[in-house]
Amino acid sequence: MTFTSWQFGLFAATVFVAYYLPPLRAFQVQLLVFASLFFYGYGQPELLALLAVAVFGTYLFLVLALRNRKGWLPVGIAFNLALLAFFKYKLLFIDPASPSLVGFAPLDFLLKLPLPIGISFFVFHNISLLVDLTRQKASPPTLTDVFLYIIFFPQLVSGPITRAEMFMPQIKPKYFADIPLVEAAKWILVGFFFKLYVANNLNEMTSYMSFPLYETLQTQDRWLLVFLYSYQIYADFFGYSGIAIGLGLLFGYRLPINFNLPYISASFSEFWTRWHISLSTWLRTYLYIPLGGNRHGIWRTYLNLMIVMGLGGLWHGAGFGYLMWGLLHGLLLVLERPLLARLAAIDFAVFRAARMTVVFVCVTMLWIFFKLPNFEHAAGYLAGMFTPSTNPNPTKLFYSLALLYSLPVIIQHFAPSSLFEGRLRYVEPYLYGFMAALMYLEAGPETSFIYFQF
Amino acid sequence: MSAVRWLVKCGAGALILLIACGFATARFGSGLQMPATTTRDGTLITLSRYLREPVPDIVLAGSSLTFRLKEEYFATPKLRNLALAGGSPITGLEIVANQPNLPRLILVEANVLNRPTDTALVERYSRGDTEPLFFRPVRAAVAAYEQRLHAPLTREQVALDLRRLIEQPPSDFDSRIYADRALEQFNAEDPADATRINMMRIEELIRRLEQRGARVLLFELPYSEPIEGSRFATTTRDVVHSAFPDPRRWLRMDTNRSELRWADGVHLDERSAVIVTQAMERALASVHATK
């Protein structure tokens, strides 16, 4: 069940109504857990068992680690990482189409299970739960609360990755009067608008980036499509996160902001404080800092950056392309690090614009490894960007359409944030209404969220 | 501003735009040729146009191979090409068969017949609900802009352009890498079972269509030499010709193969598509003459 389906609309509305009924107030957490299980099992009921194993296992290790952190915390983390590794990276070693894999039926069954949607996200939730609660030496939460934190349906599939210490204190009775309705409506509307109007329409064009279709493109169109994909992936994931945050607010939970205008970043380190913030925060808190962060000298810092970004790349998928993407981001962070202080000292608008352009172009080029996880295809696409096209019948792209579908991302990044704080405040609700109508009228063909695959 | 007032204003904003687009759709209809960002988009536009406009004399149903034979390449004015890039010729044939009025002649491509019918598309275009309640404002604006920039060519201008294209020598575009890849795919795939099942459906559709007065002919588009000998091409040819052995069921096109070039060994390039189109028109003329 995806956020953009009518089934989801019906599901969310039903749960919302039931959630605030006074007789059910005492069971709000249980209701959300049940609804989240229904949401997760709707398309893949066979994977509910896996989710149960992940949650029950994590809960068990949490209880044990609260008694003996040193002994059980590493085991709990290893248990979760093993789950992730098994499901995400097994395809590196096996061919699921083969009739018998290891000759042992139960293991064959497990090996043939599809990648559980959202596993990368809920495994990170589990680790956060284990680390945060054992660090606080808190008393063990109830199993239902743990279930809710891990499988809360707005964030279950693609985040934002919420830290336990931020979510768990929010679990308490909720009242309809406390809902920030306008804020929730804004997040949900803008989220759907970015997904349906921007991302889905741009997806039609960027489908030509796939192998072997990209071979029909003219050289300048290959460049154009890379930038369109950059807008698309942002609109897609920002859209998902916006809907998740809005839904969270409707149920009384404030999820972390995941994006903060990433394409105006003037450095790569700034980019990672603005893009997929919940992931970069998670990686910093649970990986970079435990590795030593920047506390052990410059070379160790560089090594830590490369390790974190490489693993961050692999977290997205089991492929050399994802690893390359992560490592290249790591390399950019390493290269800019000695220069950052000097660059920041130059306070000049044109210079900052130039820095923003360099960062945007580099980040955009690296998205090719996301769009084409097969490294050979990505390399072929990149090579084609620098060689003249000889195809006598190239694909025709409508540049005007590309601009109009990208415009919301551009406006969002470059319109002054004070625009709606002055006199334009009064037209704001009408503009959100226009967006709602436009996403209905001009929605692109249905496609799943890009981050669902991770 | 209270939440309710905000939400009411938001709803009003949405309603204003919806009403404006509803009026515009009622006033202008969907006469504008919307820009197609994908080949499937282009196909849907063609299918919508087929249902909206008077029934043509000739219809082509095919796959991406026939998709390359653009309608403007044909001198015959009342001809529609319902070929689906990436789709099956049977999808187009089903849609035509489900309409109340039929064209005089239906030409069915017999090169790629192993693909399943797109039942969603058949249902949608058989119900006839192809006209949206609201048009897409952004696409409509771009369509108007494109029409302003590129006014449609007259038949004479098109004919002149095509003549110039034919007078040029065949393309020297090196497509070996793509042709080799296509050959590998064409040798890997065995289309026999799927094609046999689809042939039964085609036979049934032909019987229904001919009972209602239309005539149905099959045709084959040329592949490059290596692809002609591939497992996919030879198997398909065997299955189709054993199902339809009567030569009168076939539209025989006579082309000079040395003039033809393929973008990837399978799909004709633009000049070759024009040459094949002209051969098809000559064959059609002889069909009319012998009738």
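## A residue within the main core

In this predicted model, Leu189(A) is in contact with Tyr432(A), Met435(A) and Ala436(A), when its neighbours within four places in sequence are left aside. Leu189(A) also belongs to the largest nonpolar core, which has 131 residues. It is listed there among the residues with the most contacts inside the core, together with Leu130(A), Ile151(A), Phe193(A) and Val198(A).

Helix α11 of chain A, residues 219-250, gives the most to this core, contributing 17 residues. The core draws at least three residues from each of domain 1 (6-176) and domain 2 (181-453) of chain A. A second, separate core has 61 residues, including Ile58(B), Phe186(B), Val240(B) and Val266(B).

## The two domains of chain A

Chain A is divided into domain 1, residues 6-176, and domain 2, residues 181-453. Their C-alpha centres lie 27 Å apart. Between them, 26 residues of domain 1 are in contact with 22 residues of domain 2.

On the side of domain 1 that touches domain 2, the elements giving two or more residues are α1 (6-19), α4 (69-89), α6 (119-136) and α8 (153-156) of chain A. The largest share of that side comes from α6(A), with 5 residues. By residue type, this side of domain 1 divides into 17 nonpolar, 7 polar and 2 charged residues.

## Helix α7 of chain A

Helix α7 of chain A spans residues 143-151, and its buried residues are Val146(A), Phe147(A), Leu148(A), Tyr149(A), Ile150(A) and Ile151(A). These buried residues pack against α2 (28-41), α3 (48-67), α6, α8 and α9 (164-167) of chain A. Ile151(A) is also one of the residues with the most contacts inside the largest nonpolar core.

## The contact between chains

The contact between the chains takes 26 residues from chain A and 28 residues from chain B. On the side of chain A, the elements that give two or more residues are α10 (181-206), α20 (399-414) and α21 (428-441). The largest share of this side, 10 residues, comes from α21(A). The residues on the side of chain A comprise 18 nonpolar, 5 polar and 3 charged.

## The sheet of chain B

In chain B, 4 strands form an open sheet in the order β2-β1-β3-β4, with parallel pairing. The edge strands are β2 (79-81) and β4 (215-219), each of which pairs on one side only. From one strand to the next, the twist averages 20°. Helix α9 of chain B, residues 192-211, packs on the sheet and touches β3 and β4 of chain B. The direction of this helix makes about 145° with that of β4(B).

Strand β3 of chain B, residues 105-109, is joined to β4(B) by 5 bridges, and strand β1 of chain B, residues 58-61, is joined to β3(B) by 4 bridges. Leu105(B) of β3(B) stands opposite Ile58(B), while its bridge partner in β4(B) is Arg215(B). Further along, Val108(B) stands opposite Leu218(B) in β4(B).

How many of the residues of β3(B) are buried? The strand is mostly covered, with 5 of its 5 residues buried. Leu105(B), Leu107(B) and Glu109(B) point one way from β3(B), whereas Ile106(B) and Val108(B) point the other way.

Terms used. Residues are numbered from 1 along each chain as its sequence is written. Chains are lettered from A and ligands numbered from 1 in the order in which they are written. This is a predicted model: local features need pLDDT of at least 70, side-chain atom pairs count only at pLDDT 80 or more; totals for chains, interfaces and linings use all residues. Two residues are in contact if their C-beta atoms, placed from the backbone, lie within 7 Å. Ala, Val, Leu, Ile, Met, Phe, Trp, Tyr, Cys and Pro count as nonpolar, Asp, Glu, Lys and Arg as charged, and the others, Gly among them, as polar. A nonpolar core is a set of buried Ala, Val, Leu, Ile, Met, Phe, Trp, Tyr and Cys residues joined through C-beta atoms within 7 Å. A residue is buried if 20 or more other C-beta atoms lie within 10 Å of its own, exposed if 12 or fewer, and partly exposed in between; C-beta atoms are placed from the backbone. Domain bounds come from an automatic or database domain assignment. Two strands pair if DSSP finds at least two bridges between them. Axes are lines fitted to C-alpha atoms, for helices over the stretch in contact, and angles run from 0 to 180 degrees between N-to-C directions.
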